Amino acid sequence: MWQQLLPGLRMMLVLTVLTGLIYPLAVTGLCQMLFYDKANGSLITVNDHVVGSSLIGQNFSKAGYFQPRPSAAGNDGYDGTASGGSNLGPTNQKLIDRVKASVEKFHKENPSYTGPLPADLVTTSGSGLDPHISPASAEAQLDRVAKARGLSVDQIKSLVDAHTEGRDLGFLGEPRVNVLLLNLDLDRQFPAKR
Amino acid sequence: MTWSSISQTLAVLAILVAISKPLGAFMAAVFEGERTFLSRPFRPIEHLIYRVSAVDPELHQNWTAYSASLLAFGLLNFLLFYVLLRWQNFLPLNPKGFPTLQPDLAFNTAVSFLTNTSWQSYAGESTLSYLAQMLGITVQSFTSAAAGMAAAMALIRGFARQGTDRLGNFWVDLTRATLYVLLPISLLGALFLCSQGVIQNLRPYPQVTTIEGARQTVAFGPVASQEPIKLMSSDGGGFFNANSGHPFENPTPLTNLVEMLLILVIPAAFPCTFGVLTGNRKHGWTLFAAMALLFSLGCMLTAWSEQSGNPALKISGGNMEGKETRFGIAASAAFSVVSTASSDGAVNSAHDSYMPLSTLVQMFNLKSGEVIFGGTGSGIMSMILIVMIAIFIAGLMVGRSPEYLGKKIEGKEIKMVMLAFVITAAATLLFSALPFLVKLAPGSYWNPGGALTSNLGNPGAHGLSEILYANGSAVATNGSAMAGLNANTPWFNLTLGLGMLIGRFLMIVPALAIAGSLARKKRMSATIGTMPTDGVVFMVLLLGTIFLVTALTFFPAFCLGPIAEAYQIK
């Protein structure tokens with residue numbers, strides 16, 4: 001084995017330079033040139049300041065905004081530097097209690113909604129940074145948002161429909177609504193009464 | 001099981017079938033040094049690498065020299081990566097100023113990537129500098145994958161050659177795997193992923209103020225360059241803690257499909273390469289079909305179990321805890337099977353939050369020894385070893401001396417196969433049992449929290465599953481986790497590190513010994529008494545052997561983990 005160490009050392013250094021410096025730096029250069037916005041985090045700027053990334057979920061708590069899924073990222077949720085899920089197993093009482101509390105909170109905030117509660121709205125995602133909710137979860141919040149903004153449900157619903165993305169290529173993944181983009185559009189089209 | 005999960009599983013398989021044949025033939029040509037369409041641009045670079053490394057590409061090695069090269073290369077990579085992790089605070093490209101890694105974590109991480117496992121006791125975005133990610137993780141993904149492919153080629157040559165003890169040159173195979181296969185696909189993959197939203201930059205983490213006035217810091221980094229090789233290498237160590245569940249690693253359902261394909265593409269092409277080089281393509285396709293069947297079965301079971309949801313939560317729409325909205329049940333379930341079957345271990349959802357039946361599927365995939373497509377290179381090796389057991393059992397049943405592709409399978413080969421299987425199975429079970437037996441006081445160096453069971457993220461049978469999963473994942477060099485387990489203590493970092501070394505090298509070295517022994521043997525032509533190694537009958541025999549070996553070894557452990565938990569669901 002020892003006489004293999006010298007060629008091994010040289011080979012390792014060559015491959016390290018090739019795959020650890022040349023390759024990632026070449027990709028960085030190409031991506032910065034070809035896909036500048038996406039390579040730099042798909043950030044969204046409103047009035048010259050960055051309000052978030054369209055790919056990274058953030059919290060909304062006011063009644064006039066659509067609310068995202070609960071988040072287990074970091075201590076307070078939605079921590080962009082501590083992605084992760086709750087890692088609670090299906091038989092864990094902590095999970096059962098947490099979901100129960102979320103369901104109760106939802107019903108308190110949306111008293112007029114009586115349909116079945118969509119699973120995504122009261123469960124945490126794997127990343128804790130899920131930027132989307134399901135169309136059903138948006139639907140469940142329509143009444144509340146409309147009331148808070150003094151609008152009709154139909155006005156809001158048409159905006160939600162416009163923001164609903166279908167399955168990719170018609171069969172991949174699930175339909176979804178990007179919460180941040182929807183809320184920004186809400187503010188743009190129907191400024192909240194203050 | 002829904003239409004959506006059936007169509008996504010079928011799409012993965014159909015594309016794999018379409019790619020396997022040309023890619024398998026291409027890999028066969030590359031490793032045999034024939035001209036391909038990439039020769040013109042890359043041949044000069046290849047020769048430059050040999051010159052700089054002082055390697056004679058014409059010199060073929062016997063199995064001991066080949067193993068020695070592979071082990072020496074592994075040792076050197078370990079040392080380089082270890083030093084890089086310990087000194088990252090002194091080195092550039094560390095915008096967040098992350099400190100050095102503790103020795104036990106640096107050991108575990110270096111072993112983890114060198115063995116192509118990528119078990120992660122840490123969270124990438126809060127631990128590693130950009131330099132450690134690029135020069136450490138990305139490089140190890142490339143080289144460990146290339147080393148695995150090289151070893152697989154040596155084993156294949158054991159069947160393809162006769163009357164020689166030479167299996168090829170490790171350095172040549174390593175270079176060719178990197179240059180002609182891994183780098184080109186990675187480059188294309190990186191550009192595609194970036195075009196869909198995967199980030200690629202070296203900037204500091206930006207801080208944003210949301211419209212409600214909250215502050216959020218967003219982790220950045222050179223992700224797109226690492227993502228495809230992370231997947232294709234069957235390495236699977238995420239740039240971020242959430243791995244392919246993080247929107248910056250896997251932003252859309254389309255990238256999700258591409259990522260699943262990247263994971264499976266090389267392992268799925270290897271049976272074809274094996275068929276081409278041994279002149280028995282039918283055998284290659286029979287192996288592929290067995291893999292595809294087990295894979296589809298796993299996808300369907302998992303999708304059904306997740307779609308049925310968690311009755312304790314009393315909500316509609318399946319078990320969405322730990323899953324992303326854009327993927328939903330079907331694409332998450334499929335990814336979890338791809339991840340555990342392939343030995344990749346990249347995840348797009350939290351495996352700790354899956355239903356018990358899904359956990360059982362995942363554990364079966366891990367513990368059947370990565371034969372369902374399996375790892376890059378290591379998958380076909382494990383499959384060939386288990387085929388030997390199947391042929392040996394069949395030989396015993398009919399009283400004929402077993403033959404595999406014209407090579408007599410004798411005592412020496414079977415001893416090596418059993419060595420590989422028994423040691424890896426014993427390591428998994430022993431390291432899983434120890435945490436429940438060893439008593440540690442609070443404040444102990446090995447586990448500051450005291451009892452090792454206090455590191456579990458969940459109580460009861462699910463907690464046992466976390467430990468079983470962790471060790472199964474380490475020994476199968478998979479690297480995915482039921483992440484509720486806090487494994488970042490010296491005890492787990494050390495035992496999991498040992499598990500990975502055992503799972504990697506005590507599989508590869510016996511396989512190379514088998515290759516050395518087979519290459520010497522004359523290939524005998526098939527007679528009327530030779531058991532065919534293609535077709536449905538052989539496939540059933542093979543599947544039976546896989547179930548038998550896995551079930552006999554792990555059924556009691558499965559009973560205490562996922563099966564017990566299934567009965568606790570109310």
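Buried residues make up 48% of the 194 residues in chain A. A residue counts as buried if 20 or more other C-beta atoms lie within 10 Å of its own, as exposed if 12 or fewer do, and as partly exposed in between, with C-beta atoms placed from the backbone. This is a predicted model: local features need pLDDT of at least 70, side-chain atom pairs count only at pLDDT 80 or more, and totals for chains, interfaces and linings use all residues. Residues are numbered from 1 along each chain as its sequence is written, while chains are lettered from A and ligands numbered from 1 in the order in which they are written.

Chain A has six helices and five strands. Helices (H or I, at least four residues) and strands (E, at least two) are DSSP runs, numbered from the N terminus. Along the sequence, their pattern is α-α-β-β-α-β-α-α-β-β-α. The radius of gyration of chain A is 22 Å, well over the 16 Å that the globule rule gives for 194 residues, so chain A is more spread out than a compact globule. That radius is taken over C-alpha atoms, and the globule rule is 2.2 Å times the number of residues to the power 0.38. The C-alpha trace of chain A spans about 75 × 45 × 35 Å along its principal axes. Of the contacts in chain A with a separation of 6 or more, 55% are between residues 24 or more positions apart. Two residues are in contact if their C-beta atoms, placed from the backbone, lie within 7 Å.

Now follow helix H1 of chain A, residues 5–34. At 1.5 Å a residue, its 30 residues should span 44 Å, and its end C-alpha atoms are 41 Å apart, which agrees. The expected span is 1.5 Å times one less than the number of residues. H1(A) has a kink of about 25 degrees at Ile22(A), shortly before the proline Pro24(A). The bend at a residue is the angle between axes fitted to the seven residues ending there and the seven starting there. Buried residues of H1(A) include Gly8(A), Met12(A), Tyr23(A) and Pro24(A). What covers the buried residues of H1(A)? The cover includes helix H2 (36–39) of chain A, together with helix H2 (39–53), helix H3 (63–86), H5 and H6 of chain B.

Cys31(A) also lies in helix H1 of chain A. It counts as buried, with 26 C-beta neighbours inside 10 Å. Leaving aside neighbours within four places in sequence, Cys31(A) is in contact with Ala39(A), Cys194(B), Gln200(B) and Ala224(B).

The contact between the chains goes well beyond this residue's neighbours. In total, 103 residues of chain B are in contact with 85 residues of chain A. Helix H6 (residues 170–196) of chain B gives the most to the side of chain B that touches chain A, with nine residues. The residues of that side divide into 53 nonpolar, 42 polar and eight charged. Here Ala, Val, Leu, Ile, Met, Phe, Trp, Tyr, Cys and Pro count as nonpolar, Asp, Glu, Lys and Arg as charged, and the others, Gly among them, as polar.

Chain B has 16 helices and four strands. With 570 residues, a compact globule would have a radius of gyration near 25 Å, and chain B has 23 Å, which agrees. Its C-alpha atoms fill a box of roughly 75 × 55 × 50 Å, taken along the principal axes. Of its 570 residues, 63% count as buried. Among contacts in chain B between residues at least 6 apart in sequence, 79% join residues at least 24 apart.

Next comes the nonpolar core. Such a core is a set of buried Ala, Val, Leu, Ile, Met, Phe, Trp, Tyr and Cys residues joined through C-beta atoms within 7 Å. The largest has 204 residues, of which Ala151(B), Leu155(B), Ala511(B) and Leu512(B) touch the most other members. Helix H5 (residues 130–160) of chain B gives the most to this core, with 20 residues. Not counting residues up to four places away in sequence, Ala511(B) touches Ala151(B), Leu155(B), Met381(B), Leu385(B) and Ala420(B). A second, separate core of 25 residues includes Leu88(A), Ala119(A), Leu186(A) and Leu313(B).

Helix H14 of chain B covers residues 460–475. Of its 16 residues, 15 are buried, so H14(B) is largely enclosed by the rest of the structure. Thr477(B) follows H14(B), and its phi is positive, near 45 degrees.

Most residues other than glycine have a negative phi. Ala54(B), not a glycine, has a positive phi of about 55 degrees. It sits in the loop between H2 and H3 of chain B. Is Ala54(B) buried or exposed? Ala54(B) is exposed, with 11 other C-beta atoms within 10 Å. Lys314(B) has a positive phi of about 55 degrees as well. Its loop runs between helix H9 (281–308) and helix H10 (328–341) of chain B. Lys314(B) counts as partly exposed, with 13 C-beta neighbours inside 10 Å.
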